[in-house]
Amino acid sequence: MLAVLIPVVPFVLLGELPGERWLSAADDNALQFALTGAGLLAADALLPVPSSILGTLLGARLGFLAGALAAWLGMLAGNLLAYAGGRLLLGRLRTPLPETPTLTVLFLSRPVPVLAEAAAIAAGAERVAFWPFVSACAAGNAIYALVLAGNGAALLPGALAGPGLLVPMAVPAVAWWLWRRRMRTVKVATSD
């Protein structure tokens, strides 16, 4: 029951589902929308925030470049929070992680729900070098933010219905499926 309430409560508090008013990039609240969206994406390190849908809405509301920038900054801030949390809270539980695969996972994991945050927390706990960590996260987040904002800017500028919401729902599912497939291939290769 609690899991169902998490996505519903914000809409109850806001008094409406996102609609035409939220999709206007020309009003006075565009900066507030960008900051709120980026803040929610940063909170994704600790809370179940649907980053794919939020990134798409940022692109629809702010346009391609501003939406991508807001999404990228928010996701990167979330990675930094997760890294700091892992370093401060779990740093004593160090289990050696090889750095190169960890950086690759950080780069590739952004569209996969939970994995991106878990990888950033693990990188902090393992004390992966800071600048390579930031570089891998920044690059992975940039690609993902561009895809989401481009989708929102192209397919949602007039309404919140139609194919524009298919991409943010499909990208995490496809990324998760590819990740699972890759892990099965690795298990088969290592067991031979």
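Modeller: What follows goes from the whole chain to the core, and then to the cavities.

This is a predicted model, in which local features need pLDDT of at least 70 and side-chain atom pairs count only at pLDDT 80 or more, while totals for chains, interfaces and linings use all residues. Residues are numbered from 1 along each chain as its sequence is written, and side-chain values use heavy atoms, with hydrogens and water left out.

The chain has 8 helices and 0 strands, where helices (H or I, at least four residues) and strands (E, at least two) are DSSP runs numbered from the N terminus. Of its 192 residues, 38% count as buried, a word that stands for under 20% relative accessible area, with exposed meaning over 50% and partly exposed in between (1.4 Å probe, protein chains only). Among the contacts with a separation of 6 or more, 78% join residues 24 or more positions apart; contact here means heavy atoms within 4.5 Å.

The largest nonpolar core has 15 residues, and those with the most contacts inside it are Leu103, Leu106, Ala120, Ala123, Val128, Phe133 and Cys137. Such a core is a set of buried Ala, Val, Leu, Ile, Met, Phe, Trp, Tyr and Cys residues joined through side-chain atoms within 4.5 Å. Helix 4, helix 5 (99-108), helix 6 and helix 7 each supply at least two residues of this core, and the largest share, 5 residues, comes from helix 7. Leucine 106 shows how the parts meet: leaving aside neighbours within four places in sequence, leucine 106 is in contact with Ala119, Ala120, Ala123, Phe133, Ala136 and Cys137. Apart from this core lies another, of 14 residues, among them Val49, Leu54, Leu58 and Ala70.

Helix 5 also holds threonine 102, which counts as buried because its relative accessibility is 11%. The C-alpha atoms of threonine 102 and phenylalanine 133 are separated by 8.8 Å, although the two residues are 31 residues apart along the chain. In helix 6, the buried residues include Ala116, Glu117, Ala119, Ala120, Ala123, Gly124 and Ala125, and just after that helix arginine 127 takes a positive phi of about 60°.

The structure also holds 2 cavities of 30 Å³ or more. On a 1 Å grid over the protein atoms alone, a cavity is a set of points where a 1.4 Å probe fits but cannot get out, and lining residues have an atom within 4 Å of a point; grid points are joined across faces, edges and corners, and a volume is the space filled by probe spheres set on the points.

The largest cavity contains about 40 Å³ of space, and its lining is made by Asn79, Leu106, Ser109, Arg110, Ala116, Ala136, Cys137, Gly140 and Asn141. Helix 7 (residues 130-155) gives the largest share of that lining, 4 residues.

The second largest cavity also has about 40 Å³ of space, and Leu41, Asp44, Ala45, Met75, Gly78, Asn79, Arg110, Ala116 and Glu117 line it. The elements that give two or more residues to this lining are helix 4 (64-90) and helix 6 (115-125), with helix 4 giving the most, 3 residues.

Definitions and conventions:
1 Å grid on protein atoms, 1.4 Å probe; cavity = no way out; pocket = protein on both sides within 12 Å on 5 of 7 lines; lining within 4 Å.
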